[in-house]
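Hello,

Here is the structure I promised to pass on.

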Amino acid sequence: MKTPFIRIGGLRGDAGGGTSGAPSLRDPLDGIARRRRCPREGTPENPLRCKPPSSQQAAAAAYKIPKRLAAVVAAVGLLLAGCGSAGTPVDPAPVGHVQAPEPDGVGGLEGAAAGGQAGNCDTRSLAPSSAIPAGSTMAKIKQRGRLIAGVDQTTYLFGFLNPSTGNLEGFDIEIVKQLATALFGSWQGHVQWTAIPSSQRENVLKNNTVDVVVRTYSITCSRLRDINFSSTYYQAGQRVLVPRNSGVRGLADLGARKVCATKSSTSLTAIAQAPSRPIPVSVNNWSDCLVLLQQGQVDAISTDDVILAGMAKQDPNLEVVGDRFTQENYGVGIPKGQDDMVRWVNSVLDGVRSNGTWQQNYNEWIAPVLGPASPPSVSYQ
Amino acid sequence: MTSTVTRPGAPDGPGVQPPVPLSPAPQESGRGGFAGLLDLPVTAFRSVLRSARKSPGRLTVIGVGLVVLALLTGVVGTIAVQDRKDTINDLIDRREPLTAASQEVYRSLSDADATSANAFLVIGTEPPELRSRYDLDIARAGAALAKAASDSEGVADAADKVNIIARGLPVYTGLIERARTNNRQGYPVGASYLREASTLMRQTILPAASDLYHIDTERLLEEQDDASGFPWFTAILVLGLLGSLIATQIYLTRHTNRLLNIGLVVATGATVLIFLWGTVALLVQSLLVSSGDEDGSHPVDVLVRARSAAVQARADEMMTLVARGDGAAYETNFQQLEPIFTGLLGEARGLLDGAAGAQVDAAQVNANAWLSTHKDVRAMDDGGAYSDAVKKAVDASVPDGSAASFGKLDEALVNAINIGRQDFLDDTRNADRALILLAPGIAVLAVVAAGGVTMGIRDRLREYR
């Protein structure tokens, strides 16, 4: 900002002693300021003396109105120059960080299921018994007229709400229907479906809100302390779901990147314990993980392959990668203390596995995505 | 009191000039031009004081003082009344419509939240009436937001809230469309997108919209206070002028033995007229503005809050069903909102009578019907009859269903709100009419008063010549 100061200097010189200033002749603005003062300084008889030798000034002098206009411009220019820097243009709507929308209840590692598959307890279930004696848990349910089942409505292929029919469908849902059919003769009208988030599975069993939980529920030692499990009705394993072009081939490639799983799932613990140290992100429902992955807020989802297969089916840009690095045995969750119920459920599941129902169920839901498989083999305590 | 300067224009009455002390004079005359300028008012003041000791001089001072006071009163009074009129017009033309705009932002966004959840509960394709209701809500929210934004300039708090809503709304609609797309393909992830959208709406956008409405309501209240206060400064000026006129006449009567001075009597009459007209007009206007608040904007505020709480509770009812078993948080929310809107409805009933009161009655009846239906819906859902619960909650053709009761409740509230807004408009418009011609009237009367003073004092001054 050098010129403004020169202009001011020139002006001051004029005001004080007429011709004492040494204005820069190349600066037309300064010239105008000088010329305006000339008549007042007492040299009207020779206007040429006041006229700066610049062509712009000559033009301005030729017409009265442009002259005045130029003078005004000069005055404003001087005023602005006197005020210092004009500053930088203002951003009219500054926007810094944009917070992406998140599903309700997104968290980190808190509430991860303690201990995974590893454990030195006996995870085998009680021997089956199909009897329904009076006063037993099953008799009470039969009397009530409906089986209250805690299920998932967000896991495609295993337990989900079909938006076009409004019905719950999937592999797990079929298992519940089998239980209800065994108890009431027909499941229609005898099942009360309660959709629960995975974090609530233990709670609803502990406070007896539901009779059974059939919701991709892995049998673990820590869970066995609080609840009972039936025998295994499905064997899954944890893998990783990533976008097709990401180049990730397993958890090992996901160090320091965000990997999603549901709260208090064994998957979340497995992610946290992976040697590559990914960052665990937890949500309430598996679909919320898919939302986060589609929105680019996480880099991968890691959980049981059947759940991942359901997600991959909803978005062809995703693929399930890597080998199974855990073995998850799905069982029906039953409140602690209801051993009669455990034995009865096991007898129903025995039938499901052996009479072709399991295979039919698997072929309908899972086989198209994960290929053929047969029922898991089971041993009892 | 001494002075070295004798002004040629000053009236030279009888009496002897006091001896002039010599000390300050040479000093003053020797001072520079600028310092001398500073002394001018002092000099003038002293000369006025000196001449005021003599009768004609005193009369002149009194006359000039009265004229100045009358003109000042006229100017201040006219400006005050015009300002008051402007405030009232601003209330009608800007403030109240803007408050309505910010409440529309809040209401239509809550309704969009409820409607999108409702559409999800309907099996199969989305019913066209729900789709168009959602579209209407979003369009209205956007238009009302633009209106509210135009007014948030300079009010940092309001601008912040508008900013939050303006940034969140496009994201919200994007999520809803994504939810729809997935839903149409039968993918359960659609429900998760809906819940993410609802979370954004409830945790970010709606709180900002609610704050914006509160800020605008506060501003409306402040402006109503401005428009209904008593203009004390003007009143003191008018009373001061009146007192001075009366005192002058008493003084003149004592000194001239003449009972009446026509000019001063005219001036006094004009001032009394200013006082009476102004007092009556301003009192009527203040009362009308206050009644515009009591019968209009205040009950409307209560009704708007009741309606917002009801719409939100309706959204909670839907989301409980969408979440299906995982909706305890929504139901808790509903239980917290229920006493709020029933309480607000009761409060509004106490404030309103006539047609608006009847509408609030209807709203209360339908609110009770809805609440008892809600209990049935919850009992059905908790009892396992999910599809019956959904039908009862969302199907508008079920006569005693939630949708029908809530629809009637909302309609009654809208009617009551519209009646309240009309009352506000009527009262405030009448308040504006009460001030008709007052501003020019004060100006003219003040000039008349000044003229009267000039005439009256000049008559007396002539007697000294």
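In this predicted model, β3(A) and β4(A) run antiparallel and are joined by three bridges. Helices and strands here are DSSP runs numbered from the N terminus, with at least four residues (H or I) for a helix and at least two (E) for a strand; two strands pair if DSSP finds at least two bridges between them. Phe160(A) has Glu169(A) in β4(A) as its bridge partner. Four residues lie between the strands of this hairpin, and Gly166(A) takes a positive phi near 80° there.

A five-stranded sheet comes next. The order is β11-β10-β12-β9-β13 (chain A), and this open sheet has mixed pairing. β11 (279-283) and β13 (318-321) of chain A are the edge strands. From one strand to the next, the twist averages 35°; axes are lines fitted to C-alpha atoms, for helices over the stretch in contact, and angles run from 0 to 180 degrees between N-to-C directions. Within the sheet, β10 (residues 258-262) and β12 (residues 300-304) of chain A pair in the parallel sense over two bridges, with Val259(A) opposite Ala300(A) in β12(A).

Two helices lie across these strands. Helix α10 (residues 266-273) of chain A lies across β9 (238-243), β10, β11 and β12 of chain A and runs at about 155° to β10(A). Helix α12 (residues 305-314) of chain A lies across β9, β12 and β13 of chain A, at about 135° to β12(A).

There is also a helix pair to look at. The axes of α6 (residues 137-144) and α13 (residues 339-354) of chain A come within 8 Å and cross at roughly 80°. α6(A) and α13(A) are therefore roughly perpendicular, a label that covers 65 to 115 degrees. Thr137(A), Met138(A) and Ile141(A) in α6(A) meet Asp340(A), Met341(A) and Trp344(A) in α13(A), where contact means heavy atoms within 4.5 Å.

Now the disulfides (cysteine sulfur pairs within 2.5 Å): a search of the whole structure finds two over all chains. One of them joins Cys121(A) to Cys221(A), S to S 1.9 Å, and is left-handed with -90° about the S-S bond. Cys121(A) sits in the loop between α5 (64-82) and α6 of chain A and Cys221(A) in helix α9 (residues 221-224) of chain A, so the pair ties together parts 100 residues apart in sequence.

On confidence, the mean pLDDT (the predictor's confidence in each residue, from 0 to 100) of chain A is 78, and 76% of its residues reach 70 or more. Over residues 1-64 of chain A the pLDDT is below 50, and this stretch has 54 contacts in the model beyond near neighbours in sequence. Where pLDDT is low, the predicted coordinates should not be read in detail.

Finally, the conventions. Residues are numbered from 1 along each chain as its sequence is written, while chains are lettered from A and ligands numbered from 1 in the order in which they are written. Local features need pLDDT of at least 70 and side-chain atom pairs count only at pLDDT 80 or more, whereas totals for chains, interfaces and linings use all residues, and side-chain values use heavy atoms, with hydrogens and water left out.

Best wishes

Conventions: Parallel < 35°, antiparallel > 145°, perpendicular 65-115°, else oblique.
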